[in-house]
Amino acid sequence: MKFGHRIVTEAHKPWAPHYISYKSLKRDLKRVQKEVKAGAYHGTAESAFTTALQAEMVKVSSHYLVVCAEIAVTLDRLEVRANSGNRLVQTRRELKTAVIPKLSSLRQFVVLNYTAGVAFNRKVPKWDLSARVQLPLFTAHRWAASLALTDVQSWVAESVALTT
């Protein structure tokens, strides 16, 4: 399976517009390669590709931060509810039905988009370091996303233990 198809098939459907536009970036990169092979390299296609790649990474990173904020707000609200001793069963249910699936979708979102970013960094010829994009957000938050899921799972286990 080609990676462009993999992104489309494995994407969390409600977030589909926020995934990296792999096919369009690949098309832009092929324009740069054609320009170079034809000996008509003026940097126009390269500049368009670099701008498009950076815009895609901003789009993906922005969505990631929005989802993280939503999860944090939900967890804070659930923690307050659990600490007050009210509706523990409802709190556990909401964790299992809303928070954990969202974290799982976020993890998949990060993996697919990070992989796409790495793939494009590999596809950009070694002579063109200006088009390479740094991926600091995903590098830092990939670990945080897996940690957050572990924390939620621990919190669910503690909640279950307290009510049994």
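## Exercises on aromatic pairs and helix packing

In this predicted model, both Trp-15 and Phe-109 are buried.

**Exercise 1.** Determine which geometry, stacked or edge-to-face, describes the ring pair of Trp-15 and Phe-109, and where in the chain the two residues lie.

*Solution.* A pair of aromatic rings is described by the distance of the centres and the angle of the planes. For Trp-15 and Phe-109 the ring centres are 5.8 Å apart and the planes stand at 85°. Planes over 60 degrees apart count as edge-to-face, so the pair of Trp-15 and Phe-109 is edge-to-face.

**Exercise 2.** Classify the ring pair of Tyr-19 and Phe-109, and state which residues form one aromatic cluster.

*Solution.* The ring centres of Tyr-19 and Phe-109 lie 4.7 Å apart with their planes at 70°, so this pair is edge-to-face. Tyr-19 sits in the loop between H1 and H2 and Phe-109 in helix H4, 90 residues apart, and the pair thus joins distant parts of the chain. Tyr-19 is buried, as is Phe-109. Taken together, Trp-15, Tyr-19 and Phe-109 form one aromatic cluster, and a search of the whole structure finds 3 aromatic pairs.

**Exercise 3.** Work out how H1 is oriented relative to H4, and which residues meet where the two helices are in contact.

*Solution.* Two packed helices are described by the angle between their axes and the distance between the axes. The axes of helix H1 (residues 3-10) and helix H4 (residues 88-123) come within 11 Å of each other and cross at roughly 165°. Since angles over 145 degrees count as roughly antiparallel, this crossing makes H1 roughly antiparallel to H4. The crossing of H1 and H4 is left-handed. On the H1 side, Phe-3, Arg-6, Ile-7 and Glu-10 take part, and they meet Gln-108, Leu-112, Thr-115 and Ala-116 in H4. Sorted by class, this contact of H1 with H4 has 4 nonpolar, 2 polar and 2 charged residues.

**Exercise 4.** Describe how H3 packs against H4, giving the orientation, the handedness and the classes of the residues in contact.

*Solution.* The axes of helix H3 (residues 44-83) and H4 come within 10 Å and cross at roughly 165°. H3 and H4 are therefore roughly antiparallel to each other. The crossing in which H3 passes H4 is left-handed, and by class the contact of H3 with H4 has 18 nonpolar, 5 polar and 5 charged residues.

Key: Residues are numbered from 1 along each chain as its sequence is written. This is a predicted model: local features need pLDDT of at least 70, side-chain atom pairs count only at pLDDT 80 or more; totals for chains, interfaces and linings use all residues. Side-chain values use heavy atoms; hydrogens and water are left out. Axes are lines fitted to C-alpha atoms, for helices over the stretch in contact, and angles run from 0 to 180 degrees between N-to-C directions. Helices (H or I, at least four residues) and strands (E, at least two) are DSSP runs, numbered from the N terminus. Angles under 35 degrees count as roughly parallel, over 145 as roughly antiparallel, 65 to 115 as roughly perpendicular and the rest as oblique. A crossing is left-handed if the near helix is turned anticlockwise from the far one by less than a right angle, and right-handed if clockwise. Contact means heavy atoms within 4.5 Å. Ala, Val, Leu, Ile, Met, Phe, Trp, Tyr, Cys and Pro count as nonpolar, Asp, Glu, Lys and Arg as charged, and the others, Gly among them, as polar. Rings of Phe, Tyr and Trp (its six-membered ring) pair if their centres lie within 6.5 Å; planes under 30 degrees apart count as stacked, over 60 as edge-to-face and the rest as tilted. Buried means under 20% relative accessible area, exposed over 50%, partly exposed in between (1.4 Å probe, protein chains only).
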